[in-house]
Amino acid sequence: MDGFDLSPLFRSTIGFDRLTRLFDTATQLDSAAVSYPPYNIETTGENAYRLTMAVAGFSPDELDVTAKEGALIVTGKPRKADDQSHYLHRGIARRAFERRFQLADHIRVVGASLDNGLLHVELAREVPEALKPRKIEIATGEAKALEQQAA
C-alpha cells in the first residue's frame, strides 16, 4: 500500500495539508537504515517524550544531535582506532549512521545524555500561549453599542 486517499479528512479540517507529505515520507523508509542503531521512543509524561538509542562504543564527541526544520537528526561518526587490534570476532558494530526523526509542531529538544552506551534525547511539547484554546466573547447589540460609545 503506497497511497492514501485523505480527501475525506480534508473536507472537515483546515491546515492538515502537510499530512500528505508526512505519509509520503513515512512510506519511503530505507529498511537497512531502520535497523541500526536500535532505538526506543517513549512517553515520559503528558507532553514529554524520550528517544533512547543504543550506541555502544561511541563517545559523546563522536555523536551529534541536531534539531532543524522540524526534524531531529542523530549522527554517529566513529574515529579510526589508533591501535592495530586483531579481532577474532567483531560483533559490536561501530559504523557511521544518521537517523532522522520527523518532529510534530511545537516539539522541542530539551537535552541529551549518554549513559551506559545509551543515548537519551529528551523532548517536550510546548504549545505557545497564543495557540492554546481561548474563550471568545460574543457581543450583543447593547454591549456593542456601549463599546462604540466608549471609543
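## Pairing of β1 and β2

Over 6 bridges, β1 and β2 pair in the antiparallel sense; two strands count as paired if DSSP finds at least two bridges between them. Helices (H or I, at least four residues) and strands (E, at least two) are DSSP runs, numbered from the N terminus. A hairpin through 2 residues joins β1 to β2. Glutamate 42 has arginine 50 in β2 as its bridge partner, and asparagine 40 has threonine 52 in β2.

The model is predicted: local features need pLDDT of at least 70 and side-chain atom pairs count only at pLDDT 80 or more, while totals for chains, interfaces and linings use all residues. Residues are numbered from 1 along each chain as its sequence is written, and side-chain values use heavy atoms, with hydrogens and water left out.

## The four-stranded sheet

β1 and β2 belong to an open sheet of 4 strands with the order β1-β2-β7-β6 and antiparallel pairing. Its edge strands, each pairing on one side only, are β1 (39–45) and β6 (107–115). Neighbouring strands of this sheet are turned by 20° against each other on average, direction ignored; the axes are lines fitted to C-alpha atoms, and angles run from 0 to 180 degrees between N-to-C directions.

Between β2 and β7 the antiparallel pairing runs over 7 bridges. Here tyrosine 49 stands opposite leucine 123 in β7.

## Nonpolar core

The largest nonpolar core has 15 residues, and Leu51, Leu72 and Phe97 have the most contacts inside it. At least two residues of this core come from each of β2 (48–54), β4 (71–76), β5 (97–102) and β7 (118–125). β7 gives the most, with 3 residues. Such a core is a set of buried Ala, Val, Leu, Ile, Met, Phe, Trp, Tyr and Cys residues joined through side-chain atoms within 4.5 Å. Buried means under 20% relative accessible area (1.4 Å probe, protein chains only).

Not counting residues up to four places away in sequence, phenylalanine 97 touches Tyr36, Pro37, Met53, Val55, Phe58, Leu63, Val74, Thr75 and Gly76. Contact means heavy atoms within 4.5 Å.

## Chain totals

The protein chain has 4 helices and 7 strands, in the pattern α-α-α-β-β-β-β-β-β-β-α along the sequence. Of its 151 residues, 17% are buried. Among contacts with a separation of 6 or more, 48% are between residues 24 or more positions apart.

The accessible surface of the protein chain comes to about 12,000 Å², and 53% of this belongs to carbon and sulfur atoms. Accessible areas come from the Shrake-Rupley method with a 1.4 Å probe.

Terms used:
Buried < 20%, exposed > 50% of the residue type's maximum accessible area, 1.4 Å probe, protein only.
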